Amino acid sequence: MTALTGAVLAQNALSAADLPQIGAPAIEYGTLSPVLAITATALIGVLVEAGAPRRARFGLQSAVAIVGILAALAATVWVSIHDLGKVSFEGTDLLARGKTVAEGALVVDGPTVFLWGLLLVFALVSMLMFAERGLEGGLSGFTGQAAVAPGGAGEREATMAGIEHTEIFPLAMFALLGMMVFPASNDLLTMFVALEVLSLPLYLLCGLARRRRLLSQEAAVKYFLLGAFSSAFFLYGIALVYGYSGSFTLAAIDTAVSNQIAGQNLLLAGMALISVGLLFKVSAVPFQAWTPDVYQGAPTAVTAFMAAGTKVAAFGALLRVFFVGFGGAQWDWRPLMMIVAVLTMVVGAVVLIRQTDVKRMLAYSAIAHSGFILTAFAGAYEGSAGTATITSVSAVMFYLAVYGFSTIGAFAIATLVRDGGGEVGHLARWAGLGRESPVLAGVFALFMLSFAGIPLTAGFMGKWTVFSAAWSGYAWPLVVAGVLTSAVAAYFYVRVIVLMFFADPEGDGPTVAVPSVMTSAVIAVTAAVTIVLGIVPGPVLDLAQNAGTFVR
Amino acid sequence: MLAMSDYLASYASVAVILIVGVLLAAGMLGANRLLRPQQPTAAKLLTYESGVDPVGQGWAQSNVRYLVYVYLYVIFAVDAVFLFPWAVVFVAIGWAAVVEMAVFVGFIAVGLVYAWRTGVLRWT
């Protein structure tokens, strides 16, 4: 009986010859080394968590994270020198450099490498803020035990025993890994996986603040629920675009879109849903509602990391999907993106004026800045060969660099203005900070001026580049709206400066904590970059311009 | 290259199966309902819980440890799903396949080591 069944099975069974040949995938380990370095760093972090004694863990974890990021930065420089050969693709003679790797799942081209460098530098600076232990009496700014009830006896015990969550470092590394893969994805599935890898650790990190834990947990839940919702939109959009084009890869989608291979309804619906997912991540209006709550509730170091890093990753992905995948349908999406850009700038700037909390203020500032970046995106100026006019991609990348440094610096200063209950969020309590600590208030004023876009700060150069790209793309209404909303927002930023230097302190006024060398370094570096990029933007601008367009 | 109407028409068989399925289940339950005698008593209306009288409410709290175990189980169950297609082709690919799968399993093992060292696997 068994022999008979076996014989029948053997007759019907597929042999290896019937199957399509599956070869081993070719992975370009050298070109992917920055990503692999961060993966290894995250895994080593998990193993340190499992193996190292509790006392040594915090120092070891921060060292692992920082060394890992430095290694990845070195690898990124190596990749930018060795693997960015010029390529030309049919139809245009625009500058593009780089290649697709990992069987077409990822593409390492000029913009990818520029964004990798940016992300790694932001992560390095943020890790210094994560590692700061000088502000909470020798403990980090993260909760000792996330599982115990806020304000309960367990929390006091954990604080007394000096217990700390050191998982924050591997979690941040996994988020960084997702951020690096997100703008480098060459197909929509990889992009979705990267989106989840970048989001999930951030949801968790948001809920780990040491002070005001209920607010922090609320922020985490809100971010998680809304983020999961937007991921679902993104995924459904991918499904519809697959239904339209029959492929996940951006190049194949581009071919399908350009040839208009099927009815446009599927494509339009798919594009709309994908843009919901991406615009949520960059906190563009009308998907910005989560931003102020999450930025306020999350531990400030996480907010800084998230504000700079997520924005870089999400804008990189947004540009790649819409310029490469949906470039042929730009007359369908550009009008909509223009409306979103104007709405984002106006809502961000107008609501900004009414803010009374520092972190919420920086959140609305982040929304307004997303609007400014979206002007260059909606302008969609791809450049023409032989001219030096700045392209949309370069303008966005330069703005991301400028904005990221200023915002990390501003959040770093927000961690230092404290009273007995932790950070002082209320802006009225910042009155008279200029007398308490002129240097700190001066640096914060510098960041405010940069946000406002005053000449000789990096913010001015950033605004100039994005508006220039929007202008070249014939999106002049956006430039007008951008300049007007900049003026509105500048009013608020200047008011903060006036408050710090010319208002009388309320009661005792806030005290400025003396940080360890970590946070001091963060503030010094970000302030220096903000000034240098304002006065000599040339080198970084050249880097952004030389990155060229996306490789398909 | 399909027109929109053809594209949707290809889903018609799915819709038919769905309708047939619903009708079949509804028909069987409905016929049962019409044919059987109905004499409810209090004991018969109790929730069936393996022959034991039910304890407490339907909404009961369970130990959070179950969740972690389930979580670990699901990870390794999904891992096994990936092992099957790998087993089909690994002779053809050779050593590269062994290394790649070792990397993949190693990733998950790191997570398990972390769970074990943090005391998740200790029941008491």
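Mentor: Gladly! In chain A, three strands make an open sheet with the order S1-S2-S3, and their pairing is antiparallel. Strands here are DSSP runs of E with at least two residues, helices are runs of H or I with at least four, and both are numbered from the N terminus. Two strands count as paired if DSSP finds at least two bridges between them. Before we go on, keep in mind that this is a predicted model, in which local features need pLDDT of at least 70 and side-chain atom pairs count only at pLDDT 80 or more, while totals for chains, interfaces and linings use all residues. Residues are numbered from 1 along each chain as its sequence is written, and chains are lettered from A and ligands numbered from 1 in the order in which they are written.

S1(A) pairs with strand S2 (residues 96–101) of chain A in the antiparallel sense, over two bridges. Look for Lys86(A), whose bridge partner in S2(A) is Arg97(A).

Now to the other side of S2(A). Four bridges join S2(A) to S3(A), and these two strands run antiparallel. Within this pair, Thr100(A) stands opposite Val107(A) in S3(A). S2(A) and S3(A) form a hairpin, with four residues between them. In that turn, Ala102(A) has a positive phi of about 55 degrees.

How enclosed is S2(A)? Five of its six residues are buried, so S2(A) is largely enclosed by the rest of the structure. A residue is called buried if 20 or more other C-beta atoms lie within 10 Å of its own, exposed if 12 or fewer do, and partly exposed in between, with C-beta atoms placed from the backbone.

Asn546(A) has 14 C-beta neighbours inside 10 Å, so it counts as partly exposed. Its C-alpha atom is separated by 35 Å from that of Val517(A), a residue 29 positions away along the chain.

Finally, a word on the scores of the model: ipTM is 0.80 and pTM is 0.89.
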